[in-house]
Amino acid sequence: GSLIVVIGASLAACMPPTPSAKKPESVDERAAYSIGFMTGKSSSAQAPSLNVEQFAAGFRDAYAKKSSQITDDEMKASLMEFEKKLRAEAMAKLQKDSTEASSKGTSFLAENGKKPGVTTTASGLQYEVITAGKGAKPAATDTVKVHYEGKLLDGTVFDSSLKRGEPVSFPLNRVIPGWTEGVQLMPVGSKYKFTIPANLAYGDQGAGPIPPNSVLQFEVELLE
């Protein structure tokens with residue numbers, strides 16, 4: 001039952017806008033449009049391709065309380081097969097994107113390491129001093145307070161304490177290895193730019209908005 005509901009929602013998401021549809025005006029029209037729009041917005045990523053004509057035919061038949069053109073067993077079997085196809089396509093895309101990210105990351109690190117002011121450590125971590133502070137350097141067991149902004153190589157900001165307006169405190173040995181190593185290089189009062197290889201960040205698994213095999217860039221200011 002849940003499989004059919006999930007797939008049905010994903011199919012509804014892929015209906016393209018009808019060119020002749022007028023702007024919804026009445027309460028009923030606006031409600032119907034809202035349901036369709038929200039379903040599409042929340043589910044469009046699940047089914048990137050769809051036979052729109054057959055989707056519309058099935059919707060109209062069901063809404064008019066007509067008999068289905070295929071049996072319940074055929075529906076269940078086709079939906080299971082369709083879900084299997086979607087999963088295979090998603091896995092293939094993930095693997096392709098991961099391979100491309102790894103290749104781009106390797107190239108970027110090689111070029112970035114040649115830039116004046118960029119230092120590459122034995123682990124492969126790269127850093128650049130933006131502002132040199134004069135305070136003490138933290139140990140891995142210390143709790144530090146920082147302001148930071150993290151970006152993907154395409155410039156996408158995936159996390160930023162600056163945007164939230166509050167610095168963050170955390171034990172330095174409980175973050176990604178690139179942070180644990182890098183922040184220990186910083187005297188308090190410093191601001192550094194780190195370029196962190198994927199193996200010192202989230203590796204081939206990624207995390208949330210961070211795709212697998214992503215090289216990450218952070219600007220970090222060590223406050224305390």
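## Salt bridges

The structure contains eight salt bridges, a salt bridge being a side-chain nitrogen of Lys or Arg within 4 Å of a carboxyl oxygen of Asp or Glu. This is a predicted model, in which local features need pLDDT of at least 70 and side-chain atom pairs count only at pLDDT 80 or more, while totals for chains, interfaces and linings use all residues. Residues are numbered from 1 along each chain as its sequence is written, and side-chain values use heavy atoms, with hydrogens and water left out.

Let's start with E29 and K22, whose side chains form one of these bridges at 2.7 Å, N to O. For accessibility, buried means under 20% relative accessible area, exposed over 50%, and partly exposed in between (1.4 Å probe, protein chains only). On that scale K22 is exposed at 56%, and E29 is partly exposed at 30%. R164 and D159 make another salt bridge, with their closest N and O atoms 2.6 Å apart. Here R164 is partly exposed at 46%, and D159 is partly exposed at 26%.

## Helix 4

Helices (H or I, at least four residues) and strands (E, at least two) are DSSP runs, numbered from the N terminus. Helix 4 has 41 residues and spans 58 Å from its first C-alpha to its last, close to the expected 60 Å; that expected span is 1.5 Å times one less than the number of residues. Its buried residues include L79, F82, L86 and L109, along with E83 and S98.

An α-helix has 3.6 residues a turn, so residues three or four places apart point the same way. E100 is partly exposed, with a relative accessibility of 35%.

## The largest nonpolar core

A nonpolar core is a set of buried Ala, Val, Leu, Ile, Met, Phe, Trp, Tyr and Cys residues joined through side-chain atoms within 4.5 Å. The largest one has 23 residues, and V146, W179, F194, I196, F218 and V220 touch the most other members. Strand 3 (143–151), helix 6 (177–183), strand 6 (191–196) and strand 7 (216–222) each provide at least two of its residues. Strand 7 contributes the most, with four.

What does W179 touch? Leaving aside residues up to four places away in sequence, W179 is in contact (heavy atoms within 4.5 Å) with V146, Y148, F170, L172, I196, F218 and V220.

## Strand 3 and its partners

Two strands pair if DSSP finds at least two bridges between them. Strand 3 runs antiparallel to strand 7, with six bridges, and antiparallel to strand 5 (residues 168–171), with four. V146 has V168 as its bridge partner in strand 5 and stands opposite L222 in strand 7.

Strand 3 is also joined to strand 4 (residues 157–160) by three bridges, again antiparallel, and E149 lies opposite S160 there. The hairpin of strand 3 and strand 4 has five residues between the strands, and G155 takes a positive phi near 95° in that hairpin.

## A buried aspartate

D61 belongs to helix 3 (residues 52–63). D61 is buried but has no salt bridge, and the nearest side chain of opposite charge, K66, is 4.3 Å away. For charge, Lys and Arg count as positive and Asp and Glu as negative; His and the chain ends are not counted. Beyond residues up to four places away in sequence, D61 touches K66 and Q69.
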